[in-house]
Amino acid sequence: MTKRHGYALLCAIIAVIVGLSAALYVGVAADDGSDSKNTLAGGRTPHNSAAPASTGIWVGAWSASPAGAEPGTETTGMAGRSVRNVVHASVGGTSARITLSNLYGQSPLTITHASIAVAYADNTPAADADTMRRLTFGGSPAVVIPAGRQVLSDAVRIVVPQGSDVLVTTYSPSSSGPVTYHPHARQISYVAQGDRTEDATGAGYTEQVPYWRYLTALDVLSNESDGTVVAFGDSLTDGITSTQGANHRWTDVLSQRLRTAIESGQDLPRYSVVNQGISGNQILADGLGRPADNPSGLLRFSRDALDRTNVKVVVIDLGVNDILRNPQLADPDKILDGLRTLVREAHSRGIKVIGATLMPFQGHRGYTPAREAVRQQVNAEIRSGRVYDAVVDFDKALRDPYNPRRLRSDYDSGDHLHPSDKGYARMADVFDLEDLKGSAPAEL
């Protein structure tokens, strides 16, 4: 073969490769993740698109911290049952992936079947059948999660609208021991007997539960967001007294407020908001067990906040339980040292930290004048600017102007510690969205 003929043959081969690549790109990019041929009610196998081809940034759309081992599941776990978690997406995307946790398990957790779908409507186990997708893990529909570990699924193409409920379903055929769960979801999820992972009708999901099992994160590939804001706190962030199924936690309201402001033309960061609150959480003290139920803020900060997807800002609202649950009088300096440790850890990752003042609790059974004095000392230091990069003053916003030691009556859920829906909305309303701009300083 002459050089000229060899060169011509090489050019022809390159042209074929380029043509095939272009055709493949067009075919994949045209898939919007809403496979119209999929009709699960008719029993067909769901479409499963693996790695996404669309552009965007991976961000957190929803998350919940693993808080402990579910009582009553010590022996069989959820063997032989399908667990359908209902979660609310703070931002939309064109692909999704999930994180499953066996943190509190004492033996390997075998998941043989998992799926994701957009809910047919709010607060229902029924799915939009055209969105049902089978999830895989390293290319396999089954995965074994060792005790104390977690696993990230493969990405799957699915259009997740902002503000939609998403159904994530898992099936485990065998006993796995204690179930890792988040007990105060303020959202009803569902359970069915047998493997009904791809049942879009939801008819078999007759058992309702007020918590999330195994699932700890939903990420989306988004063109709507450039990063994630993590709210890190206790029951005040968990939203324990907010209306169930209504998404009235202060983080939900903040997410919608930020989105509305951006759509109105305000120059603000396009961030999603995820919630990493655990009811009863403290900065310094762990719960019982190994691993500890309700681990301290210091222990869980890296896993639950800094390791979330594409985190840009962390908002910390912790400290009230360190005051209320300490059998002795809490040391304000130790509380503040703990908060500063969290800030230093975030800064080491280049993450900005916004901190909240501690809200009043007079009228609660744990209130004493001495504990109030500790709260005031902590708040004074937070307001001084010597703890966080920026401050949101929840105390000032929700306290009774005639008695600043207690919550204003219409912001009080009735227990004199946790806000009402109106109080949670007020927390989000006083958050200065401009504080989301910028990154961590080189030094605080």
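Biologist: Which elements do the buried residues of helix 9 pack against?
Modeller: This is a predicted model. In helix 9, residues 421–429, the buried positions are Gly 423, Tyr 424, Met 427 and Ala 428. They span an arc of only 145° around the axis, so they sit on the same side of helix 9. Their packing partners are helix 2 (235–238), helix 3 (250–263), strand 19 (311–317) and helix 8 (394–398).

Biologist: Why do residues three or four places apart point the same way in an α-helix?
Modeller: The answer lies in the helix repeat. Residues three or four places apart point the same way because an α-helix has 3.6 residues a turn.

Biologist: How far apart in space are Thr 243 and Asp 421, C-alpha to C-alpha?
Modeller: Thr 243 sits in the loop between helix 2 and helix 3. Beyond four places in sequence, Thr 243 touches Arg 186, His 248 and Asp 421. Thr 243 and Asp 421 are 178 residues apart in sequence, yet their C-alpha separation is 6.9 Å.

Biologist: Is Thr 243 buried, exposed or partly exposed?
Modeller: Buried means under 20% relative accessible area, and exposed means over 50%. Thr 243 has 39% relative accessibility, so the residue counts as partly exposed.

Biologist: Where is His 416, and is it buried, exposed or partly exposed?
Modeller: His 416 lies in the loop between strand 23 (403–407) and helix 9. Its phi is near 65°, a positive value in a residue other than glycine. The relative accessibility of His 416 is 23%, so the class is partly exposed.

Biologist: Which residue of strand 15 stands opposite Tyr 181?
Modeller: Strand 12, residues 180–182, runs antiparallel to strand 15. Two bridges join these strands. Across from Tyr 181 stands Arg 213.

Biologist: What is the phi of Tyr 214?
Modeller: Tyr 214 is in the loop between strand 15 and strand 16 (215–222). At 2% relative accessibility, Tyr 214 is buried. Tyr 214 is not a glycine, yet its phi is positive, at about 70°.

Biologist: Which strand gives the most to the lining of the second largest cavity?
Modeller: The second largest cavity holds about 30 Å³ of space. Its lining residues include Thr 180, Tyr 181, His 182, Tyr 214 and Leu 215. The elements that give two or more residues are strand 12 and strand 16. With three residues, the top contributor is strand 12.

Biologist: How many charged residues line the largest cavity?
Modeller: The largest cavity has a volume of about 40 Å³. Among its lining residues are Arg 303, Asp 304 and Arg 308. By class, the lining has two nonpolar and three polar residues, and the charged ones number three.

Biologist: Which lining residues lie nearest the centre of the largest pocket?
Modeller: The largest pocket has a volume of about 340 Å³. The elements giving two or more residues to its lining are strand 1 (57–63), strand 3 (81–88), helix 3 and strand 18 (271–277). By class, the lining has 10 nonpolar, 15 polar and three charged residues. Of the 28 lining residues, those nearest the centre are Trp 62, His 88, Asn 247, Arg 249 and Asp 252.

Biologist: How many polar residues line the second largest pocket?
Modeller: About 250 Å³ of space lies in the second largest pocket. Of its 18 lining residues, Ser 235, Ser 279, Gly 280, Asn 321 and Arg 325 lie nearest the centre. The lining has six nonpolar and three charged residues, and the polar ones number nine.

Biologist: Is Ser 153 buried or exposed?
Modeller: Ser 153 is in the loop between strand 9 (150–152) and strand 10 (156–160). Beyond four places in sequence, Ser 153 touches Arg 97, Ile 98, Leu 135, Thr 136 and Phe 137. Its relative accessible area is 5%, so Ser 153 is buried.

Biologist: Which residue does a cis peptide bond join to Arg 290?
Modeller: The bond has an omega of about -5°.

Note on methods
Residues numbered from 1 in each chain as written. Predicted model: local features only at pLDDT ≥ 70, side-chain atom pairs only at ≥ 80, totals over all residues. Heavy atoms only, no water. Pairing = 2+ DSSP bridges. Helix = DSSP H or I, 4+ residues; strand = E, 2+ residues; numbered from the N terminus. Buried < 20%, exposed > 50% of the residue type's maximum accessible area, 1.4 Å probe, protein only. Contact = heavy atoms within 4.5 Å. Arc of directions from axis to C-beta. 1 Å grid on protein atoms, 1.4 Å probe; cavity = no way out; pocket = protein on both sides within 12 Å on 5 of 7 lines; lining within 4 Å. Points joined across faces, edges and corners; volume = space filled by probe spheres on them. Nonpolar A, V, L, I, M, F, W, Y, C, P; charged D, E, K, R; others polar.
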